Structures are given as structure tokens and as C-alpha cells.
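Please open the model in your viewer and keep the selection tool at hand.

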Amino acid sequence: MFPGQGSQATGMGRQLLEDFPNARAVLELAEQVSGQPLDQFRRRGPDTMLKRPIVAEPLITAISIGYIEALKSHGFAPDFVAGYSAGEVAAYYAAGILSLEDAIHVATARGMLFEEYCTSDSRMVTIAGVPFATVRETIDSLSDKAHVVYLAARNASRHTTIVGTESAMLEAERQLSMQGAQISQVSVSGKWHSIHLAPASEILVDSLQKILFSPPTCPIVTCASAEFRIRPNDLIYDLAVGVSRPVQWQQIVQKLQAAGVNEFCECGSGRVLFGLMRWNEDQLQTYSSVCVEDRNGGLRPLRRLVQARVVREGENQ
């Protein structure tokens, strides 16, 4: 599983880049293609730059791909992949759909395009602990021509993401908090996964047609459809329209488990998707969920994962 915008933070990938030269090479490529001092922003911030799409998209993609390379070096390979929003670019790389160079170019192009849709009058938050129907009713009651709140993601039965104009969002948060919701702000700079990005989706469809998309080497479930996609044209379409539609993460997790997946690994910075797995526990059978990076950019989770693999292989011999 590959996280998207909101997972970026100062210090992300710290030990990964120190210990794995291949990961450092990926970040250097992303700097060359994007023209941004990504490593400087990664190490020092500021947060205002880390949330800008021209930085966040290529940086998140580079760090996630770096972790793919680190896992490969320890003998890991995915049986299935899925990416959350911006994380889909790394997922496409992990599934062999995009080459390394094309993945970095796609992430950079997305970041440059999304810059045109940044606005100071926008806010995105996660709403946890209340049913989806409650969130839907609340945001519908607040939406008018001047102040609009959109559903940006269905993460679990009691975990959603909403986005919209700041004044309407603050009122939605007030009402939902009175009903017991836990609210956390997401570090983004635009109304992602809403109709505001529909023009961007149209531009992406055209631009992605110029890039080679290969059939996946392992099954991939996309954010836009929550379905397994194989045909390159479907993969192109879903990657493009996904930016202007809600992320169907709850359905993605259910689809993967129905296909037999019971081990989930968040392959990127932070623990966002690792946390969402717990919110999906009420609809899952037995499963395990791990991440590769701790909150300080360290590799203790990755080392535990590698150690567990070694122990398991020893037991099977």
C-alpha cells in the first residue's frame, strides 16, 4: 500500500536515504526531473513547501519507490498493490506498469498541474468515529453555491475524508465534533478529489496517453474504481479521473481481502494507511498490517519486517 499527500513530513525517509544508495538515486532523479530541491525540503521543510503539489507529488513518489527498492533488496515482491491518491504512481511502478523514469515524470507533471488548483480558501480533514451516513447528511446540509463541502474519501465505515471551502468546512467540523467525531487536518493545499479537479482529470487523460503503460505484473486495484485493472487504457483513465473523484479506500481493502490478501504493508513515509487498517477491522477477517518507517524517519519497522521473514523462512526449512 502506498500513501498519498498528507503523509509527507520533515525528516521523511531519513534512514532509508542513508542506508540504501538506490533510494538516494531515485530521489536525485526526482530532483532533476522536478527542478525542486526535494531533499532540502525533506530535511528542513518548511511545511508550507512540503504541502505544495510541485514538491509533495514527486517527493512522496520518490520515497515510496525508494522503499520498493529497499524491500526488493531483501527479497520482497508484492502479490497485489494499491495506492492512496498520489500513492498510485508508486503503485503503478511497483506493478511494472510505469518505468522508474516515467513514474517520476508522471508525479512531476501531476504536481505542476495541481499547482494551478491550489487555493488558500480550502481545507481537508479526516472524520473518524461517526458513520458515513452522518458525514454525508452533514456535508449535504452545508453545501450551497458559495460554501461547498465534498466527500474526498471513504476510508472505512466510520472514517472519511472531506474537503471544501474553509468556512463551510469549519462549520461541518463543528457539527460533527458535537456528534463525537475525531477530526484531523490533512496537509494539502487544494480541494483534491472533488469536482474542482475535473479539468485537471481531462488534461491528465490526454498527457498520460503519451506515456507507455504496460500490463501489470501483479494485480492492482485503483482508487477511482476499487476494481482490479489490467488494460493500459483503463489504468490511464483511472489514474487521471481519480484526482477528481473520492478515494474508495474501504472498498479497495475489502476487494484485496476478498482476493485472499491477509498481509498488508504500507510502503512509504509515515503510518497513515497502517492506521486506516485498524478502522477497517470491523469488516476484515484475520489480517496483519505493518509499515516500513517510524514517525522519526527511522527503519525499525522495516527491520522487524525483514527479521520476521528470516524467522519464517527458517521455520519452513
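Begin with the second largest cavity, which holds about 40 Å³ of space. To display its lining, select Ser85, Ala86, Glu88, Arg110, His193, Cys223, Asp238, Leu239, Gly242 and Val243. A cavity here is a set of points, on a 1 Å grid over the protein atoms alone, where a 1.4 Å probe fits but cannot get out, and lining residues have an atom within 4 Å of a point. Grid points are joined across faces, edges and corners, and a volume is the space filled by probe spheres set on the points. Coloured by class, this lining shows four nonpolar, three polar and three charged residues. In this scheme Ala, Val, Leu, Ile, Met, Phe, Trp, Tyr, Cys and Pro count as nonpolar, Asp, Glu, Lys and Arg as charged, and the others, Gly among them, as polar.

The model is a predicted one, in which local features need pLDDT of at least 70 and side-chain atom pairs count only at pLDDT 80 or more, while totals for chains, interfaces and linings use all residues. Residues are numbered from 1 along each chain as its sequence is written, and side-chain values use heavy atoms, with hydrogens and water left out.

Next, select Gln5, Glu57, Ser85, Ala86, Arg110, Phe114, Trp192, His193, Leu197 and Val243, which line the largest cavity. Its space amounts to about 50 Å³, and its lining comprises five nonpolar, three polar and two charged residues. The whole structure contains two cavities of 30 Å³ or more.

Asp238 is buried at 2% relative accessibility, whereas Arg229 is partly exposed at 24%. Buried means under 20% relative accessible area, exposed over 50%, and partly exposed in between (1.4 Å probe, protein chains only).

Salt bridges with shared partners also join Arg24, Asp39, Arg42 and Arg43 into one network. Within it, zoom in on Arg43 and Asp39, whose salt bridge spans 3.3 Å from N to O. The two are four residues apart in helix H3 (residues 38-44), about one helical turn. Helices (H or I, at least four residues) and strands (E, at least two) are DSSP runs, numbered from the N terminus.

Finally, select Arg123 and Glu173, which meet in a salt bridge of 2.7 Å, N to O. Arg123 lies in strand E2 (residues 123-128) and Glu173 in helix H9 (residues 166-178), so the pair ties together parts 50 residues apart in sequence.

Conventions
1 Å grid on protein atoms, 1.4 Å probe; cavity = no way out; pocket = protein on both sides within 12 Å on 5 of 7 lines; lining within 4 Å. Salt bridge = Lys/Arg side-chain N within 4 Å of Asp/Glu carboxyl O.
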